[in-house]
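Here are my notes on this model, as numbered points. Please read them alongside the sequence and the coordinates.

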Amino acid sequence: MNIMKKERIMTLDEFEKRNFTKEELKRIHKRAQKRIALRKLREARESMGISQYELSVKSGIPRSAISEIERGRRNVSVAKLNKLADALNTDLKIDFVKRK
């Protein structure tokens with residue numbers, strides 16, 4: 001008789017604790033937050049239907065820099081984020097939240 005055991009699905013927290021150190025998780029989560037912020041920048045630009053070149057003209061930031069920022073290959077200052085937000089006719093929101 002072949003009886004299959006039912007395995008319990010592991011939660012994300014359990015998986016993370018089992019496979020990563022606290023320091024590794026900090027780095028992973030920090031990178032994820034950065035990627036989310038940069039994706040929001042690209043989504044805002046795309047939802048307005050403008051190209052990187054058009055955003056470059058509006059913001060005064062070179063198109064190549066915008067491309068690198070959106071891909072996470074370049075660090076960006078708050079001043080540049082404000083220029084991008086202004087060019088997208090949006091407000092920049094930076095939120096400080098309590099750490100888990």
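1. Contact here means heavy atoms within 4.5 Å. Helices are DSSP runs of H or I, at least four residues, numbered from the N terminus.

2. This is a predicted model: local features need pLDDT of at least 70, side-chain atom pairs count only at pLDDT 80 or more, and totals for chains, interfaces and linings use all residues. Residues are numbered from 1 along each chain as its sequence is written, and side-chain values use heavy atoms, with hydrogens and water left out.

3. Which residues of H2 are buried? They are Leu25, Leu38, Leu41 and Arg45. Buried means under 20% relative accessible area, exposed over 50%, and partly exposed in between (1.4 Å probe, protein chains only).

4. H2 covers residues 22-47, 26 residues in total. Its first and last C-alpha lie 37 Å apart, close to the 38 Å expected at 1.5 Å a residue. That expectation is 1.5 Å times one less than the number of residues. Gly49 follows H2, with a positive phi near 75°.

5. Ser56 sits in helix H3. Ser56 counts as buried because its relative accessible area is 12%. Leaving out residues up to four places away in sequence, Ser56 touches Ile61, Pro62, Arg63 and Ile66.

6. Leu12 belongs to helix H1. Is Leu12 buried or exposed? Leu12 counts as exposed because its relative accessibility is 57%.

Key. Helices (H or I, at least four residues) and strands (E, at least two) are DSSP runs, numbered from the N terminus.
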